[in-house]
Amino acid sequence: MSSRHHIDDFMRGRIIGKIEEGRKITDVAREFDIAHSVVSRLWKTFKNSGMCSRRHGRGRVRRTTPAEDGYIVLSAKRNRRTTAQQVANQFLAASGKQISRKTVARRLRGGGLYARRPVVCVPLTRKHRAARLQWCPEHHKWTEQDWACVLFSDDSTSVCHRIVDAN
């Protein structure tokens with residue numbers, strides 16, 4: 001037997017045609033290398049409805065409609081600082097439907113909005129500011145060639161400037 005795959009409409013039509021010719025379901029199943037139960041179910045469906053196309057799976061029912069998805073995205077855009085939980089609470093107050101923060105996050109992602117955490121920077125002390133002010137006048141006349149020998153690296157705690165040998 002083949003692995004679990006959907007049978008395309010053309011193959012379904014061929015199977016129905018073979019059975020209508022008078023072949024047995026077992027022989028047709030063996031010829032197409034499909035389980036007997038699948039062919040039998042296909043034939044029964046065809047006899048009852050006259051059609052042999054596949055029913056598409058429904059999956060889980062969505063909690064929100066496309067219009068409500070738009071409302072969720074709009075309310076998040078109006079106030080960029082609200083959390084997903086706050087948007088879920090606003091949605092509950094507006095529509096009476098309870099949705100989770102994960103649902104809100106998925107709807108926002110669908111609308112092109114992504115959660116970002118603000119970067120917490122190390123505050124500059126007076127020493128840092130004084131060092132920067134001293135450094136600037138010393139280097140303001142440097143050429144591109146001078147700057148080509150400098151390697152900038154950003155550590156999370158401080159900014160380092162190292163002069164690299166050109167050799």
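A salt bridge is a side-chain nitrogen of Lys or Arg within 4 Å of a carboxyl oxygen of Asp or Glu. The legends below describe a predicted model.

**View 1. Arg 30 and Asp 27 pair within helix 2.** The two side chains form a salt bridge, with the closest N and O atoms 3.6 Å apart. Both residues lie in helix 2, 3 residues apart, about one turn of the helix. Arg 30 is exposed, at a relative accessible area of 61%. Asp 27 is partly exposed, at 35%.

**View 2. Lys 18 meets Glu 31 in a salt bridge.** The N to O distance is 3.2 Å. Lys 18 belongs to helix 1 and Glu 31 to helix 2 (residues 25–32), so the pair ties together parts 13 residues apart in sequence. Lys 18 is buried, with a relative accessible area of 17%. Glu 31 is partly exposed, with 39%.

**View 3. Lys 97 and Glu 68 form a salt bridge.** Their side chains meet at 3.0 Å, N to O. Lys 97 sits in the loop between helix 5 (84–95) and helix 6 (101–110), and Glu 68 sits in helix 4, so the pair ties together parts that are 29 residues apart in sequence. Lys 97 is partly exposed, with a relative accessible area of 26%. Glu 68 counts as buried, at 16% relative accessibility. Elsewhere, salt bridges that share partners join Lys 18, Arg 23 and Glu 31 into one network. The structure holds 6 salt bridges.

**View 4. Arg 12 is buried without a salt bridge.** This residue lies in helix 1 (residues 9–21). Asp 9 is the nearest side chain of opposite charge, 4.2 Å away. Neighbours within four places in sequence aside, Arg 12 is in contact with Ile 7, Leu 42, Cys 52, Ser 53 and Arg 54.

**View 5. A patch of positive charge lies on the surface.** Arg 60, Arg 101, Lys 102, Arg 106 and Arg 109 gather here. Arg 60 is in the loop between helix 3 (36–49) and helix 4 (66–78). Arg 60 counts as exposed, at 81% relative accessibility.

View 6. Along the sequence the pattern runs α-α-α-α-α-α-α-α-β-β. Of the 167 residues, 20% are buried. The protein exposes about 13900 Å², and carbon and sulfur atoms supply 53% of that area. Among contacts between residues at least 6 apart in sequence, 41% join residues at least 24 apart.

Note on methods
Residues are numbered from 1 along each chain as its sequence is written. This is a predicted model: local features need pLDDT of at least 70, side-chain atom pairs count only at pLDDT 80 or more; totals for chains, interfaces and linings use all residues. Side-chain values use heavy atoms; hydrogens and water are left out. Helices (H or I, at least four residues) and strands (E, at least two) are DSSP runs, numbered from the N terminus. Buried means under 20% relative accessible area, exposed over 50%, partly exposed in between (1.4 Å probe, protein chains only). Lys and Arg count as positive and Asp and Glu as negative; His and the chain ends are not counted. Contact means heavy atoms within 4.5 Å. Accessible areas come from the Shrake-Rupley method with a 1.4 Å probe; for residues, only the protein chains shown count as cover. Patches are made of residues with over 30% relative accessible area and no salt bridge: like charges are joined within 9 Å, nonpolar side chains (Val, Leu, Ile, Met, Phe, Trp, Tyr) within 5 Å. The place of a charge is taken as NZ of Lys, CZ of Arg, CG of Asp or CD of Glu.
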